[in-house]
Amino acid sequence: MVGKIDDAMKSLHNYYQVWQQLGFLPEFYNIIHGKVVDKRYGYPLRPELAESIMYLYRATKDPFLLQMGRDMLESIEKVAKTSCGYTSIKDVRTHKLDNRMESFFLSETTKYLYLLFDEDNKIHRTGGSGDVVQTNHGTCVVNAGGYIFNTEAHPIDIGALDCCKKQPAQDEIELAFKVFKNNKKRLHFLEQYANSDTHNSLSTVYNCSARPFHSRLSILGEMFEEEEIKIAKLPQNTCEDSTVTVTQP
């Protein structure tokens, strides 16, 4: 929401008015004419409205948002519930039922509604408390809040992510050193280039777009053709209409 609480509340009230009118949200709704768009009048129990209500309630604590959530629950329980689960609404105008339940209803819609009313859930923590854990990669704090939901609303503890890997960028640094070590003879000219008093001009040959990516080696933003790098020499130019320019000190 990036702090735009008022705008978010206005939009949410508009959606809620449609929900009150029909009992559900159709896939498409014509606001100007105040009616459902033809052939798009189904409601597959989507989670977006419940998600918005939950986040806005965490930001505002407005009790009216709890009323919205309760209305959603009552509509779903009263109309969409079947003997073996919950089903999508085929037509929100008549409340005719479909014969399917999308996976996101269980993984997202019900989860956001549950979190809306579960005030003490650890997912709502804001960093004031957590659990200190010792791992092979050091000490980290989990269950402190700041959870990130993926596209299917599975909560990811960013503190746990830090526990499960080495220090930031360590893997990348180790890989870079391996690349340099394995190619130190072929890349000897880079040392000369780096230690020179002037800034040599590296050719556009290194960035030839005609070459497949897998055959190129990237060092400090420049692309090099690995098989053409010679000991202490620049690679030969194999790209049409490009030149190699090296300014000697």
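Predicted model: local features only at pLDDT ≥ 70, side-chain atom pairs only at ≥ 80, totals over all residues.
Student: How do the axes of helix α1 and helix α3 lie relative to each other, and at what angle do they cross?

Tutor: An angle under 35 degrees counts as roughly parallel. Here the axes of α1 (residues 5-22) and α3 (residues 63-80) come within 12 Å and cross at roughly 30°, and therefore the two helices are roughly parallel to each other. Their crossing is left-handed.

Student: Which residues of α1 and α3 meet?

Tutor: On the α1 side they include Met 9, Leu 12 and Trp 19, and these belong to a group that meets residues of α3, among them Phe 64, Met 68 and Ser 75. By class, this contact has eight nonpolar, three polar and one charged residues.

Student: Are α2 and α3 roughly parallel or roughly antiparallel?

Tutor: An angle over 145 degrees counts as roughly antiparallel. The axes of α2 (residues 48-60) and α3 come within 9 Å and cross at roughly 160°, so these helices are roughly antiparallel. The contact is made by residues including Leu 49, Ile 53 and Tyr 57 of α2, together with Leu 66, Gly 69 and Met 72, among others, of α3. By class, ten residues in the contact are nonpolar, two are polar and none is charged.

Student: Is Thr 87 buried or exposed?

Tutor: A residue counts as buried under 20% relative accessible area. Thr 87 has a value of 6%, and so Thr 87 is buried, although Thr 87 lies in the loop between β4 (85-86) and β5 (89-91).

Student: What does the side chain of Thr 87 reach?

Tutor: The side chain of Thr 87 reaches the backbone oxygen of Arg 100 at 3.2 Å. Beyond its neighbours within four places in sequence, Thr 87 is also in contact with residues including Leu 45, Ala 80 and Leu 97.

Definitions and conventions: Residues numbered from 1 in each chain as written. Heavy atoms only, no water. Helix = DSSP H or I, 4+ residues; strand = E, 2+ residues; numbered from the N terminus. Buried < 20%, exposed > 50% of the residue type's maximum accessible area, 1.4 Å probe, protein only. Polar contact = N/O pair within 3.5 Å; in protein donor to acceptor, adjacent residues only side chain to side chain. Contact = heavy atoms within 4.5 Å. Axes fitted to C-alpha atoms, helices over the stretch in contact; angles between N-to-C directions. Parallel < 35°, antiparallel > 145°, perpendicular 65-115°, else oblique. Left-handed = near helix turned anticlockwise from the far one by under 90°. Nonpolar A, V, L, I, M, F, W, Y, C, P; charged D, E, K, R; others polar.
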